[in-house]
Amino acid sequence: MGRPVNTGSREAFDAAAADFAVLGRHLWEPVAADAVAVADPREGERVLDACCGTGASAVPTAKLVGRGGMVDAVDISAPMIAELRRRGEGLPQLRAHEADVTSWSGTGYDLVQSVLGIFFFPDMTEGTRRLIGMARPGGRVAFTIWRSGAMVAAGRQLALAVAEVRRTDPPGERKPHLIDRINRPATFAAWLRELGLSGVDVAVRERSLPMTPEIAWLLVLGSGYRGALSDVPPDSVPAVRERYLTRLRDAGIDELDATTLTATATR
Ligand SMILES: C[S@@+](CC[C@H](N)C(=O)[O-])C[C@H]1O[C@@H](n2cnc3c(N)ncnc32)[C@H](O)[C@@H]1O
């Protein structure tokens, strides 16, 4: 996820859904709890939760808006939405939808939020512009991304482990992407101002993930990193796991930077 571009395909997230929910306790839920606290959904509000996954932010948001409010939670992955429907039982104000949120037709939301989602859009600026347009004039938006450097070490060691096992050349640097320019508080805020938002504020939440072997492998299975395994024959996956864990140990990586930036602003 630190190198989200091209590793977070729909197929990768579909395959990851079950492990995604398990990893949630260690990563998605604490990250989302911080993001929701910053986004501050209020009782009675109508909220769009874009790229909702299994509901790490959508479920607590539905509780905060209460039965007088409403949350449209949208994700492109059917298994993610199926898991969210299970988790959302008893919350009639939470509506889970399987759809590409960049072409979602809902509008007029009091709050549009997306936790760790916008960098997966094929055109991040255009997709984010569309999300902003789904808020009512004067409504709020809240977008969470990884801070520069977060998650990177795990993705690099995984890619090298896959190349070793498959006996291919080590992967080169991926193509530069907009996210690499805007993943600091000042550049994130400037980009959102260019998209016409006002009152932009960026909250930094420092976090590190303990990289026990169990969590380190869960991070591969339960995130967009799973896409790196898509070309690995199933009987070679244990060898990739072994190489990846050995590489992490040899590099002395026993925790992973998982710091996020959450920007809030008014449309
Ligand atoms: C890293 S996960 C974050 C999920 C959730 N917000 C959380 O914090 O746990 C990214 C999610 O974005 C979804 N996604 C990516 N592109 C999407 C799109 N165009 N429309 C809807 N969902 C999308 C993926 O299926 C995946 O569930």
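I began with the term for handedness: a crossing is left-handed if the near helix is turned anticlockwise from the far one by less than a right angle, and right-handed if clockwise.

I noted that this is a predicted model, in which local features need pLDDT of at least 70, side-chain atom pairs count only at pLDDT 80 or more, and totals for chains, interfaces and linings use all residues. Residues are numbered from 1 along each chain as its sequence is written, and side-chain values use heavy atoms, with hydrogens and water left out.

**Entry 1: α6 and α10**

I looked up helix α6, residues 152–166 (helices are DSSP runs of H or I, at least four residues, and strands are runs of E, at least two, numbered from the N terminus). I found that α6 and α10 cross in a right-handed way. They pack at about 135°, with axes 8 Å apart (axes are lines fitted to C-alpha atoms, for helices over the stretch in contact, and angles run from 0 to 180 degrees between N-to-C directions). α6 is therefore oblique to α10 (under 35 degrees is roughly parallel, over 145 roughly antiparallel, 65 to 115 roughly perpendicular, the rest oblique).

I listed the residues in contact (heavy atoms within 4.5 Å): among them are L158 and A161 of α6 and Y244 and L248 of α10.

**Entry 2: the end of α6**

I recorded that R167 follows α6 and has a positive phi, near 55°.

**Entry 3: α1 and α9**

I turned to helix α1, residues 10–24, which packs with α9 at about 140°, the axes being 8 Å apart. α1 is therefore oblique to α9. I noted that this crossing is left-handed. Here A16, D19, V22 and L23 of α1 meet L218, L219 and L221 of α9.

Technical notes. The expected span of a helix is 1.5 Å times one less than its number of residues.
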